[in-house]
Amino acid sequence: MKSFRLVWANLRRKKVRTTLTIGSFTVALFLFGLLAAIRMGFRGGADAAGADRLDVINRVSLILPLPLSYRDRLLKVPGIAGVTYATWFGGVYQDERNFFPQFAVDKDTWFDVYADYVVSPEGRDAFMKDRQACMVGRSLAKRFGFKVGDRIPLRGTIWAGSWEFNVAGVYDGSRPEADTSGMFFRDDYLEEQRAFGKGTVGWYVVKLINPDDAVQITKAIDGLFANSPFETLTQTEKAFAASFVKQMGNVELLIMTIGSVVFFTLLLVTGNTMAIAVRERSGELAVLKTVGFSDVRVLRLILAEAILIAGQGGLIGLALAKFVIPGLSRALPMLGALYISPPTFVAGFALALGVGTAAGLLPAIGAMRLKVVDALRRI
Amino acid sequence: MVRIDGKGNGAALVRVRNLDKKYTRGNEEIHVLQGLNLDVDAGDFVAFMGPSGSGKTTLLNLLGGLDLPTSGSITVAGDEITRMSAGKLTSWRARHVGFIFQLYNLIPVLTAFQNVELPLLLTKLSKAERRKHVETALAIVGLTDRMKHFPRQLSGGQEQRVAIARAIVADPTFLLCDEPTGDLDRRSADEIMDIIDRLVKEHGKTVLIVSHDPRAAERARVVLHLDKGVLMEAAKAGGGA
């Protein structure tokens, strides 16, 4: 673009104003990055949920258990490749502020059904051999410095008393959005030590042979336990994970609302700045038209300025967010893995360019319609 | 040869016929130009004089395709510009007209070189060709040593010389100068008029100039007086009408 030098020179004309406008884009896109990462943290479980897994919970409430005997009956449903189960433990490590999720799981099947949790063979072996063994997620291990062989004491809140676990291994996620902020321990240890609820589990996880059969199998499972004391509600793992998020309120709506307000404000601020810039330069724009710059070319010049401001601010803001998010992730461990995915980064950048274009459009149209004679008379 | 009786032959470079321009201000209609005729041949140097509000700048704007008449026609080198669309007029202006304003109207954030290069950005010339053209234009106005200077680093006379270089860099058909010495001291004004004179005599440019300054106007071959929108008389100066 031969006129780029003109665009660039115009941006440097009022350095403070340009810097402040770029700064407003930086702040907005920084906020966008943080909100997107937090949203990702809230939705992490739902986004990482396997398409080939169904969760079976008590139809009355998630917090009510299901009989352990359901496992064998579930295995007989056609189309099911495997069944595992888990129970929420809710223990406290040292202090209640140190919250992290703990689940009692079936040692034989859990990591088979959740093959997307990567566990070393030695870790798996140690988990099988020790009744008090536990597996900690990578981010949890980082958070508290847990390593293999450590002993983790927890104070039970549902099942009172002091519970101790030995770290058998550290699991990773096969995908970046996988949540590794939790701990899995053996259900037989819970079963042996707990004072009530014996013979029950929190929920079942069913692995399907063919994900396309999900609807049919969902109906079959709920039909199997209909009219029993423990009726079931079967849903895809994505819906199950999303229901957790919903318990905390409509986080997504809140984030979207904040984001929309910020970007609308940005649109007004930048639009106003561009309008002032065009008004100040109406004489120069008239000169450009006098020497032969077409109306469309003048429109493109103004739009290019707005887009360049937005692009620079957007890139800086997103880069800053990417830089800050690991720290935020450590500060908010209960949200799981916080990160900006490449598509989110691209979407943020596109949003910045879009807002820049929208903000520059009215002033650019004004510049395009500027009458040379009138503008020259005002000089 | 310059005529204002509308009887010129078809060979004139600029041919104006029955030109009318009216403005409406509130309920008032202002008749700025009334039935104006003009024929200017290639290589002529014409000065328009007259009191403020007589329509000199309006005439210049119409001749340069910056404004449209209420009625009448303007033909330049065979192209009737009063019939052109806005887009066509813009590209016609880029090819055929060089403007020189009283207040120079340089872009303050561009260097002298970049200001002169502006009209060439609309052409298909390569960067090297553009550089050559700009250097030639700046050499004609005697400013090759100031090409990297910004307008704020130049005197008024130097700024106007840059503006002249910008006007001639694309080798336009004719130059339109609106009070080119109006904002300059005597010495700088003379220098500017010397350059314009040279453009006519040595480079064969056709120049139409509007000025209040009799010393500037007397450089022209023909001086025309405009009063209340009417071209009153054609006076001989250095050459002959």
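Strand β11 of chain A (residues 203-208) is mostly covered, with five of its six residues buried, where buried means under 20% relative accessible area, exposed over 50% and partly exposed in between, using a 1.4 Å probe and protein chains only. Strands here are DSSP E runs of at least two residues, helices are H or I runs of at least four, and both are numbered from the N terminus. The model is predicted: local features need pLDDT of at least 70, side-chain atom pairs count only at pLDDT 80 or more, and totals for chains, interfaces and linings use all residues. Residues are numbered from 1 along each chain as its sequence is written, chains are lettered from A and ligands numbered from 1 in the order in which they are written, and side-chain values use heavy atoms, leaving out hydrogens and water.

What does β11(A) pair with? Two strands pair if DSSP finds at least two bridges between them. Strand β1 of chain A (residues 53-58) is joined to β11(A) by four bridges, running antiparallel, and A:R53 has A:K207 as its bridge partner. Strand β3 of chain A (residues 80-88) is also antiparallel to β11(A), through six bridges; there, A:T84 stands opposite A:V205.

Turning to chain B, five strands form an open antiparallel sheet in the order β1-β3-β2-β5-β6. Its edge strands, β1 (2-3) and β6 (79-80), each pair on one side only. Two bridges join β1(B) to β3(B), residues 28-40, in antiparallel fashion, and B:V2 stands opposite B:V40.
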